Amino acid sequence: MVDFFQKIEDYTIPAAKMRMPHKPLIQVMPASLRKSENSPQDIERAQMLEAWLKRHRGHLNYTRLDRTELCVDGFPRSANSLLCRKIIETAGYTNRTLSHHIHKRHNIECAVLANIPTIVPVREPEACIKSYLVYTGGKFGGGMFQHYIEMLEFVILYKSAATVALFEEITSDYASIVKRANRMYGDILTLPTVSDTELNDNIANKVATESQHEEKKFYREGVPNKSRDSLKQEYATFVRSHPQLSRCRSLYEKILQIAADQ
């Protein structure tokens with residue numbers, strides 16, 4: 001009988017479905033060396049990424065160079081939906097002008113290379129990956145660690161061009177994210193006029209109303225659910241024993257420092 005956790009580890013997306021011309025990150029010009037306008041090579045790379053995203057994520061809000069005003073995208077289960085809703089609620093963006101919920105490095109790379117303001121939600125890896133395993137029923141288990149690593153490595157490389165939004169800030173200190181993004185890009189976000197508690201409650205009520213009327217603003221939006229807590233415990237052993245968890249934690253510590261410095 002195949003071990004349950006081994007089945008999680010072995011479940012991967014067929015390579016043929018995900019393949020794209022890949023340029024190692026070290027060959028992409030670091031943001032700290034870029035001028036105010038991106039180079040022709042940056043734009044060419046962004047256009048290639050946009051074409052790949054259209055082909056593989058065409059039904060979603062991927063980064064479109066002709067209309068995206070802000071990219072808000074991070075690893076799944078990092079409060080992506082809540083952050084997007086807070087931005088729409090307070091800053092006047094729309095679902096159409098935001099790029100969100102692609103959950104791949106390709107999307108934030110496309111935005112950064114095209115000089116589109118980019119905010120990346122980041123959550124502590126153990127809680128994040130456990131939550132995603134529960135959300136997907138255990139799919140993509142092993143691949144999720146590498147996915148997490150790739151996204152954080154990109155943010156670390158482009159720390160002067162991508163704003164970090166920590167999970168705890170998204171849920172209870174949204175103003176800190178607004179100030180950080182505005183320091184980096186100018187006044188692109190608006191400070192909330194109500195507390196996070198009130199803002200969260202307003203959003204929760206809207207989610208409930210949309211659910212009743214089958215209106216979905218975000219693809220497969222996942223709201224917190226206490227009934228999943230027992231399932232998270234079942235996946236804890238797999239996550240804590242995974243050899244790549246230590247690398248994820250190390251990168252997360254660097255992200256915490258970047259957030260403090262931005």
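## Helices across the sheet

Helix H5 (residues 105-113) lies across strand S1 (70-72), S2 and S3, and runs at about 150° to S3. Helix H12 (residues 245-261) lies across S3 and S4, at about 110° to S4. Contact here means heavy atoms within 4.5 Å. Axes are lines fitted to C-alpha atoms, for helices over the stretch in contact, and angles run from 0 to 180 degrees between N-to-C directions. Helices (H or I, at least four residues) and strands (E, at least two) are DSSP runs, numbered from the N terminus.

This is a predicted model, in which local features need pLDDT of at least 70 and side-chain atom pairs count only at pLDDT 80 or more, while totals for chains, interfaces and linings use all residues. Residues are numbered from 1 along each chain as its sequence is written, and side-chain values use heavy atoms, with hydrogens and water left out.

## The sheet

The 4 strands form an open sheet in the order S2-S1-S3-S4, with parallel pairing. Strand S2 (98-100) and strand S4 (163-166) are the edge strands, each pairing on one side only. From one strand to the next, the twist averages 20°.

Strand S3 (residues 118-122) pairs with S4 in the parallel sense over 4 bridges; two strands pair if DSSP finds at least two bridges between them. Isoleucine 119 has threonine 163 in S4 as its bridge partner.

## Helix H4

The 12 residues of helix H4 (residues 80-91) should span 16 Å at 1.5 Å a residue, and the end C-alpha atoms are 16 Å apart, which agrees. The expected span is 1.5 Å times one less than the number of residues. Glycine 92, whose phi is positive, near 85°, follows H4.
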